[in-house]
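Have the sequence and the 3D view open side by side. The text below starts at a single residue and then widens to both chains.

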Amino acid sequence: MRTIILSMATLLTFAAAFAFAPGTNWQIADKYNVRFTGSGDVGGIFKTLKGTIVFDENNLPASNFNLAIDVASINTGNGLMNTHAKSAEWFDAAKYPQIKFTSKKIVKTGAGYQVTGDLEVHGVKKEVTLPFTFQNKGTSATFNGTFTINRSDFHVGKPGGDVAEAVKLEVMVPVVKK
Amino acid sequence: MFKRLLLLGLISGVLAGIAALIYQKVYSSSVGADFSNIAKPVGIMISNVVGCIIAAVGYWILNKWLKEKTEIVFNFIFVILSFASIIPAIGAKLPLDVNSPELFPGLVIPMHFFPALAFFTIEPLFIKISEKTKNIVA
């Protein structure tokens, strides 16, 4: 009887330890790339990405992303377009200085993973689901994601016009284990 | 006369190129933005020389038609084209790894007026006033 109780206690301890095991902390490395492309010559990058990444392929419930992009770091390659993009008509960088993403749930898919979370752009918060891949190289890794968002959903720019509603985002984030 | 005009174009182009290169150095050191990978010194020099030689040929062609009115028409056209040439410079999209693209027009817009300035400055050394009142294209 005593042996059975001890065995069960040990099993429960292991199960609890596994259930609450923290995910792996990753630090965003240099040379990340947050690129957006729209119709015509609309396109550019955001140069500043910050945040925390906790991700473990074997422990997705403990994984989470908390990312922020500085709107003022936008670079379209043209000074006038940069100023225009930061103006009140588009991103309104003075009022909404950051684009934020906070994950709620990460699930495995056939090709990679899917993260569902709150994306906040231009002061508008919406739940989105974004696909991504994860290439683990031991102490370093790379997250890659390509997805499309509708700028009008976040009241970025006036609907219609020369800039298409759908904006393609390509995100490549190299990380190192903390 | 055509050879003299070509020489005028060549020398004014070289002078404009030298002025543009000096301006580029001064601009880069004063604002701290380096665009030498985009506006390359060789490219600056070639475009100034080519621009001034084309202007010289244009002067020669205009003179065939307009005679004594050549200079006023030529000056207007050269200045208008110099102004028009700044539009692509303002709208230029630089590579995304180049910082502060908003400082790029401040570098290249003044340069677009250097060929006209150099041409107008040394033109009296090549075309005498007496020739301007006559048909200079012999």
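Apart from neighbours within four places in sequence, A:Gly38 is in contact with A:Gly43, A:Val163, A:Ala164 and A:Val167; two residues are in contact if their C-beta atoms, placed from the backbone, lie within 7 Å. This is a predicted model, in which local features need pLDDT of at least 70 and side-chain atom pairs count only at pLDDT 80 or more, while totals for chains, interfaces and linings use all residues. Residues are numbered from 1 along each chain as its sequence is written, and chains are lettered from A and ligands numbered from 1 in the order in which they are written.

A:Gly38 sits in the loop between strand S2 (33-37) and strand S3 (43-46) of chain A. Helices (H or I, at least four residues) and strands (E, at least two) are DSSP runs, numbered from the N terminus.

Chain A as a whole has 2 helices and 11 strands. Their order along the sequence is α-β-β-β-β-β-β-α-β-β-β-β-β. Of its 178 residues, 22% are buried.

In soluble globular proteins, nonpolar side chains tend to be buried together. A nonpolar core here is a set of buried Ala, Val, Leu, Ile, Met, Phe, Trp, Tyr and Cys residues joined through C-beta atoms within 7 Å. The largest one has 28 residues, and A:Val71, A:Phe91 and A:Val175 touch the most other members. Among the elements that give two or more residues to this core are helix H2 (79-86) and strand S9 (124-136) of chain A. A second, separate core has 24 residues, including B:Leu8, B:Ala39, B:Ile44 and B:Tyr59.

Chain B has 7 helices and 0 strands. Its C-alpha atoms fill a box of roughly 55 × 25 × 20 Å along the principal axes. Of the 138 residues of chain B, 27% count as buried.

Where do the chains meet? In total, 12 residues of chain B are in contact with 10 residues of chain A. On the chain B side, helix H4 (86-91) and helix H5 (104-111) each supply at least two of the residues that touch chain A. This side has 9 nonpolar, 1 polar and 2 charged residues, where Ala, Val, Leu, Ile, Met, Phe, Trp, Tyr, Cys and Pro count as nonpolar, Asp, Glu, Lys and Arg as charged, and the others, Gly among them, as polar.

Technical notes: A residue is buried if 20 or more other C-beta atoms lie within 10 Å of its own, exposed if 12 or fewer, and partly exposed in between; C-beta atoms are placed from the backbone.
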